[in-house]
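User: I would like to go through the labels used for this model and what each one rests on. Please set each value against its cut-off.

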Amino acid sequence: MNRNDKTARIAHVFSGTFVHSTLRAAVEILQNCVLGVDDKGKIAFIENHQDVVSLSEIWGFETSDIKQLGQYEFLMPGMVDTHIHASQYSYTGTALDLPLLEWLNTYTFPVEAKYKDLDFANNVYTKVVRRTLKNGTTTACYFATIHTDASLLLGELADSFGQRALVGKVCMDCNSAVPQYKESPRECKEETDRFIKELLKKEYPNVKPVVTPRFAPSCSSSLLSELGEIANNNKLHIQSHISENKEEVELVKTLFPDCKSYTDVYLKHNLLTDKTVMAHGCHLTDEELEIFRETGSAISHCPNSNISICSGMLNVRNILNHKVKLGLGTDVAGGYSPSMLDAMRRTIDTSKALTIQDPQHKTLSFEEVFRLATLGGSEALSLDDQIGNFVVGKEFDALRVNVCVPDGPIDLFPGECPKVILEKFLNLGDDRNITEVYVAGRQVVPFPDTK
Ligand SMILES: O=c1[nH]c(=O)c2nc[nH]c2[nH]1
Ligand SMILES: [Zn+2]
């Protein structure tokens with residue numbers, strides 16, 4: 001209970017039930033506890049409620065300022081969406097009738113080409129940041145489009161609404177199907193440099209650039225090498241797609257005949273680092289997973305998208321057995337839901353479908369999936385030293401959940417313990433149950449304009 005940082009003041013103290021994951025326990029439920037957040041947005045203490053009076057003396061807060069959580073409320077860490085296309089949000093919930101490569105050519109590239117228009121970008125990007133925050137996504141790893149100014153605008157909006165974000169200006173210099181939606185190799189490099197420089201210059205505390213080659217079929221070998229160099233020289237995050245559907249895997253074999261596998265393409269271009277997150281990976285071999293483990297690269301599992309556009313079913317258990325970092329993603333708009341609660345449910349559905357196919361398959365539990373959406377996501381983005389669970393010194397990214405809101409989606413019955421209440425929220429809850437959202441100690445939901 002020692003107070004090390006004598007300069008920080010306490011900004012919030014909550015009392016009640018806290019639910020989070022640790023390295024040892026997929027779900028740890030802390031009842032009758034108090035959690036303090038300092039004015040720098042960091043968790044200052046998490047202790048037993050019986051020590052509240054001495055805590056208030058040590059930290060200099062009034063016990064009357066404590067926010068008391070009700071019987072059906074708890075705090076949980078904010079959810080981490082490790083893969084979402086902000087630019088595809090306008091058609092979320094539609095256009096799910098084609099497989100990946102046709103889907104890209106028919107729906108995605110024509111829409112993404114519109115982001116030259118900053119008014120269009122402003123409208124969609126405002127809506128996606130608000131919608132995801134309201135649904136409890138405190139950290140989002142975004143794909144924007146090839147347009148630098150619109151991508152910078154996405155960063156500005158995430159910062160102003162208070163969402164933690166990695167923002168990627170998409171890079172692609174190959175697109176024979178929709179040739180108006182690509183850049184020349186030179187433009188790609190120059191605009192990526194400009195994007196990184198201008199975004200870093202803003203000094204947003206929680207919004208950073210991520211180097212974003214769209215996927216191997218959209219990028220020349222020289223562009224992939226340039227991007228690997230930029231990311232490594234500036235120690236930046238990297239995101240892309242890998243082995244989403246079988247047709248794409250075959251295409252990559254023909255485009256990169258000198259590479260042993262899809263993973264080898266990215267490895268050879270220095271794009272697999274411990275700050276890399278690759279979406280999907282449904283068809284990776286065990287040999288490729290070994291490369292992921294060795295390089296510390298992560299996979300973003302996007303089950304809604306994988307089922308919606310019939311790409312495949314990722315065996316998450318196998319990924320975890322290979323000790324590869326894994327988080328969950330909505331993959332809006334291949335995935336039709338912007339909610340990470342949906343991503344958790346679809347993760348369990350896919351795991352159950354694999355168990356139906358093979359009864360030896362060990363189905364994921366709701367506790368494991370809760371960990372993937374929070375701590376797992378923070379590990380996948382190499383942000384687990386800052387966020388992911390309630391540990392002293394980490395940033396306070398949190399959701400206040402009330403499973404018993406008036407006219408809400410959940411009915412409770414006598415005698416239900418906190419773990420059952422958590423399970424009901426994960427399976428039945430929605431944004432009505434997420435009454436407050438905090439990022440780095442700042443309350444960002446309810447939005448200031450609706451309070
Ligand atoms: O689900 C996906 N969405 C995309 O936009 C994309 N681009 C390449 N591969 C992709 N997969
Ligand atoms: Zn994607």
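Analyst: The face of helix H5 turned away from its buried side carries the exposed residues Arg186, Lys197 and Lys201. Exposed means over 50% relative accessible area, buried under 20%, and partly exposed in between, with a 1.4 Å probe and protein chains only. This is a predicted model, in which local features need pLDDT of at least 70 and side-chain atom pairs pLDDT 80 or more, while totals for chains, interfaces and linings use all residues. Residues are numbered from 1 along each chain as written, chains are lettered from A and ligands numbered from 1 in written order, and side-chain values use heavy atoms, without hydrogens or water.

User: Which residues of H5 are buried, and what makes them one face of the helix?

Analyst: Cys188, Thr192, Phe195, Ile196 and Leu199 are the buried ones. Seen down the axis of H5, they fall within an arc of 90°, so they line one face. The arc is taken from the directions between the helix axis and the C-beta atoms. An α-helix has 3.6 residues a turn, so residues three or four places apart point the same way.

User: What covers the buried residues of H5?

Analyst: The cover includes helices H4 (148-161) and H6 (221-233), and strands S8 (164-168), S9 (170-171) and S10 (207-213). Contact here means heavy atoms within 4.5 Å. Helices (H or I, at least four residues) and strands (E, at least two) are DSSP runs, numbered from the N terminus.

User: How do you know that the length of H5 agrees with its residue count?

Analyst: The expected span is 1.5 Å times one less than the number of residues. For the 17 residues of H5 (185-201) that gives 24 Å, and the end C-alpha atoms are 24 Å apart, so the two agree.

User: Why is the arrangement around the zinc ion (ligand 2) called irregular?

Analyst: The zinc ion is coordinated by His83 (NE2), His85 (NE2), His241 (NE2) and Asp331 (OD), at 2.0 to 2.4 Å. Donors are N, O and S atoms within 2.8 Å of the metal (3.2 Å for Na, K and Ca), and sites may look incomplete because water is not among the atoms. Four donors are tetrahedral if all angles lie between 85 and 135 degrees; four are square planar and six octahedral if opposite donors are over 155 degrees apart and all others between 65 and 115; anything else is irregular. The angles here run from 87 to 171°, which makes the arrangement irregular.

User: Is histidine 83 buried or exposed?

Analyst: Histidine 83 has 2% relative accessibility and therefore counts as buried. Histidine 85 is also buried, at 2%.
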